[in-house]
Amino acid sequence: MTETLDLSIFVKRHDGTAHIELAVEDIGCASCIRKIEDGLKKIPGIVEARVNFTNRRLTVDWREDELGAGDVMSALARIGYRAHPFEPERAEAEEALYARWLVKCLAVAGFAAMNVMLLSVAVWSGTDMDQDTRDFFHWLSALIALPCAAYAGQPFFQSAVKAIRARQLNMDVPISLGVLLALGMSLVETAGHAEHAYFDSATMLLFFLLCGRTLDHAMRRKTRAVATNLAALKTEFAHRFDGSELVQVPAAALKTGDRLLVRSGDRVPADGIVLSGTSEIDESLVTGETTLRDVGAGAAIHAGAVNFSGTLTMRVTAAGTGTLIDEVERLLEKAVTAKSRYVRLADRAARLYAPVVHATAALTVIGWLAAGASVHDSIITAIAVLIITCPCALALAIPTVQVVASGVLFRAGVILNSGDAIERFAEVDTVVFDKTGTLTLPEPRVDNAAAIDPAMLERAARLALSSRHPLAASVASEARERQPFEGAIEEPGQGVRALIDGSEARLGSLAFCGMTDTGLHEPGVSTIAFAHAGREVLLTARQSLRPDAEKTIAALRAFGLDLMILSGDRPDAVAPIARTLSIANWRGGADPAEKIAAIEALKAQGRRVLVVGDGLNDAPALAAAHVSMSPISAADITQAHADAVFLGVRLQPVWDAIAVSRRARRVMRQNLWFAVLYNAVAVPIAILGLVTPLIAAAAMSGSSVLVTLNALRARFGREGSHAAETPALTARAAS
Amino acid sequence: MTVLIYLVPAALALGLTGLVAFLWSLRSRQYDDMEGAALRVLSDDDLAPSDESYSTDAP
């Protein structure tokens, strides 16, 4: 049966030309770009192929009457690259536009700041400058600064207006007010032939703040691009019956009522009901349960389960009432709405800062009037107070640290999903782990490898490379030489056989290898038999801990964190893991509602809980937690609700996330204190009316540079952490 | 000081030219793939010697 590949949901059409975006694995060097682009362009029908090396993506345009999307994919496979189609998220396209707008504003602000400063320096140093020349320079500055500020200030003005409409205060309100007042006052002063104008301060402020904002945005876009690539890598394909024909379609294109074929070793692509066939399925990603479940016609199965032995036909159904998915979604809805909105450190600072500064300015006017100064002079002094306190340092204090810290985490294999995750990670005092797939590896491992003759093990492992069975993968990972035997034949549901050195070797079920079933079945442990040239061995595979789990757990405990295991698996499967990790506080057999209840109880005690989980059953708990994390192998819904996703087989990233975030929060606080200190020095000078444009410019740029330099310290001091293995498709992080 | 009347606008015009050039390069998507651009410069096969229109068609 030949099977066609239907990628139509990923293809965009325009005048007979089709367009697709692909995430490509293993683009590592300059020659890859050429190989892919030239190789594809040689094929008749392909109009354009362009690699974006920064985010490891490829866009291809072709004439639809000559080629199909499947042909493009197979052509790429012939060149030697695996590509994964994906649907660019709408959010990503909007962010790209926003990023470009920010850079445009930055360029305009940079131009204005440089040229106005050029004129200002002339005014400051030209002590013998006559009044006409000075006025000419001031008017020229106004000519540059006003239109540029009107354009480049928009990101701040829009955000400030939005905040005020919502009756809130954010940092952009005082920024906008400061810029507008500085410009307005300078204009009035220039018209009155005055000595001082603050056009340079206003444009420089905009330039510095835009630098911070652009960097912050660029870092977030970069992590999002990598997250999208990794999601594309996980795209599941389903085998759908179209009449009698079998078509391979992405799981995202499935509709209720579709009939699907699920072969042994495949992941169940959607929720549904088994129509025919019997098999055992592994639902560890769904419920956390490690024992296989027998399913037959009429059984409900969930997306994410792995079909172990037989071939199944199933019908896709929408989530019905009473199913696990339904319960998870109901709980999720509740958890998400109940989650109190976290107030970011920067916004908390702004709420404190804005009233204080504006009150100080008002008091300055009153004070000077009471002291007998003219109305004009009093207002000018008050505006000088607003300009000098304009929160350059304060507004840069947090975003700069965030950029640096998320860069460090990115290199450690932690991808942040939400902007304020770093602040919340830093506050964690309790960590709740799921067991299956989180503390343990997502796939079972052979646990008696050491007790088996190495030559036999190597042969079994190389033979396993030819099988699609999920357990075969665990055996295959033992192979030192990753080279399958020629002519291996797989008997679906039984095993795989091949001729090795003239005699037949078999790997698979006990019966398939001609061995008698001992009848001893420990739950959660699978047995694989291997027979060759009269010799027989039994391999056992079970869930095993992540290689560095013990070390990481010990390191987390050294942080003074309370640790807990909350698993959906049977208690007797959780107990040994808890004992090995010496975690006294554990619970097994918890369903999603019980997990939420346990977390709510912890929250009621005033604890800040980090939940680390991967299963579908963990999703509500993740949403209910103060902050959450999931491994990249997690179920889709779960990953969508996690604040951070970590890559690789090690547990170390959990420690990294907390350690880096704590350090980052420390630096953020230092920066805020620094901003306060700066104001404590600068404000009295301003209140006394001693501020000149020169002092304002020096204070503003000096404090910004200091805060930024301090932020860079968040990079250092990751003691005890190793370099993470580089995941495929990962763009290098910005430093 | 009358020299300023045309020197200052000239300086401004130069700055504006730079700004316009940058905005143009941004518009033509030259910053979309910064790492790729650095690597593409290493491959010089876009100067195909057999490409006749390249050298001889010039008027």
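How many salt bridges does the structure hold over all chains?

## Salt bridges

The structure holds 27 of them over all chains, a salt bridge being a side-chain nitrogen of Lys or Arg within 4 Å of a carboxyl oxygen of Asp or Glu. This is a predicted model, where local features need pLDDT of at least 70, side-chain atom pairs count only at pLDDT 80 or more, and totals for chains, interfaces and linings use all residues. Residues are numbered from 1 along each chain as its sequence is written, and side-chain values use heavy atoms, leaving out hydrogens and water.

## Two long-range pairs

Let's start with A:E427 and A:R608, whose side chains meet in a salt bridge at 3.1 Å, N to O. A:E427 sits in the loop between helix 12 (421–426) and strand 17 (430–433) of chain A, and A:R608 in the loop between helix 18 (592–604) and strand 26 (609–612) of chain A, so the pair ties together parts that are 181 residues apart in sequence. Helices (H or I, at least four residues) and strands (E, at least two) are DSSP runs, numbered from the N terminus.

A:D447 and A:R542 also form a salt bridge, at 2.5 Å, N to O. This pair links distant parts of the chain, 95 residues apart, with A:R542 in strand 23 (residues 535–542) of chain A.

## A helix pair

Helix 7 (residues 199–233) and helix 11 (residues 392–411) of chain A pack at an angle of about 25 degrees, with their axes 9 Å apart; axes are lines fitted to C-alpha atoms, for helices over the stretch in contact, and angles run from 0 to 180 degrees between N-to-C directions.

Definitions and conventions. Chains are lettered from A and ligands numbered from 1 in the order in which they are written.
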